[in-house]
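Here is a short briefing to read with the model open beside you.

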Amino acid sequence: MGPRWKGKEAEAKALADPITKIVSQLQSSLVHSDSQGILSGCSVLLGVDTEQTKLLNHACFGRPIITADKDNQWFQFSLEEVFYLCYSLNCLKVVGEGNLVKDNNQLWNYMVSTRETFPAFYKAYSHLRIKNWVVRSGSQYGVDFVAYRHHPSLVHSEYAVLVSAEVEGNASGRLKTWSDMHCTLRLCGSVAKTLLVLHVTNDGKIPTSPLCLENYVVEERTVTRWNPEQCREDKRKVQKFTL
């Protein structure tokens with residue numbers, strides 16, 4: 001299943017403005033402004049100016065939220081998004097209690113303590129982001145993530161992503177029964193998406209720091225529903241042979 005562009009000029013626009021360029025511009029802007037996000041439970045809040053609002057929307061990081069602050073636009077980031085900006089792109093700082101900036105190890109330990117499956121989910125998220133896929137929440141489709149070739153305004157998402165981690169047994173707790181597998185495939189097919197299962201494995205050591213990510217391996221598996229009407233042999237030849 002190939003990309004489904006939204007309009008005749010969408011593909012040309014995407015080629016003229018690649019995701020790598022957009023992310024690089026966002027990275028430069030956040031570094032220049034010494035941006036600091038505020039840790040809030042299972043997410044991080046960040047106040048940004050007009051230029052950064054445009055870049056965040058364009059690069060598809062975070063979601064804008066409405067606040068009483070009229071001078072700044074605020075964005076809310078998931079744990080995977082904010083750690084990617086902090087650790088992989090090194091363009092964002094996060095402050096916690098006492099308005100103290102958390103280093104990468106402190107931030108990692110906080111996120112692992114907040115959600116045990118964070119290491120596997122972050123590895124899956126960063127695996128797709130590094131390959132320049134736009135990754136968003138897949139809760140609308142009953143999966144962990146959805147992956148876009150470019151900005152959602154230009155193209156529909158191609159993959160519905162589930163994360164499976166050997167170290168936690170199954171991080172998403174999905175696809176353990178045939179009925180769940182069948183329902184998931186039917187749902188993906190109804191919204192024209194391919195089911196992508198990212199199987200994450202590691203060396204079995206306790207994830208005490210982000211350096212352990214080097215020992216994580218991601219195996220990509222696409223799962224499709226077999227259609228009995230798609231036969232290897234031409235129906236006319238089969239009918240002729242049986243006469």
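Does F145 count as buried or exposed? With a relative accessibility of 7%, F145 counts as buried, because the cut-off for that class is under 20%. Please keep in mind that this is a predicted model.

**Y125 and its surroundings**
- Y125 belongs to helix 6, and its relative accessibility of 1% means that this residue counts as buried too.
- Leaving out residues up to four places away in sequence, Y125 touches F61, E80, E81, Y84, V135 and F145.
- If you like a distance to check, the C-alpha atoms of Y125 and L198 are separated by 9.6 Å, while the two residues are 73 apart along the chain.

**Aromatic pairs**
- The count of aromatic pairs comes to 12.
- One of them joins F118 and Y122, which are stacked, with 5.8 Å centre to centre and 25° between the planes.
- F118 and Y122 are both in helix 6, 4 residues apart, or about one turn of the helix, and both are buried.
- The rings of Y125 and F145 also pair: their centres are 5.9 Å apart and their planes stand at 55°, so this pair is tilted.
- This second pair links distant parts of the chain, as Y125 is in helix 6 and F145 is in strand 8 (residues 145–148), 20 residues apart.
- Y125 and F145 also belong to one aromatic cluster, together with F61, Y84 and F121.

**The nonpolar core**
- The largest nonpolar core has 63 residues, and those with the most contacts inside it are L26, F61, F77, V82, L85, F118 and V200.
- Helix 6 (residues 118–130) gives the most to this core, with 7 residues.
- As general background, nonpolar side chains in soluble globular proteins tend to be buried together.
- Setting aside neighbours within four places in sequence, L85 is in contact with L26, F61 and F77, and also with N90, C91 and L92.

Technical notes: Residues are numbered from 1 along each chain as its sequence is written. This is a predicted model: local features need pLDDT of at least 70, side-chain atom pairs count only at pLDDT 80 or more; totals for chains, interfaces and linings use all residues. Side-chain values use heavy atoms; hydrogens and water are left out. A nonpolar core is a set of buried Ala, Val, Leu, Ile, Met, Phe, Trp, Tyr and Cys residues joined through side-chain atoms within 4.5 Å. Buried means under 20% relative accessible area, exposed over 50%, partly exposed in between (1.4 Å probe, protein chains only). Helices (H or I, at least four residues) and strands (E, at least two) are DSSP runs, numbered from the N terminus. Contact means heavy atoms within 4.5 Å. Rings of Phe, Tyr and Trp (its six-membered ring) pair if their centres lie within 6.5 Å; planes under 30 degrees apart count as stacked, over 60 as edge-to-face and the rest as tilted.
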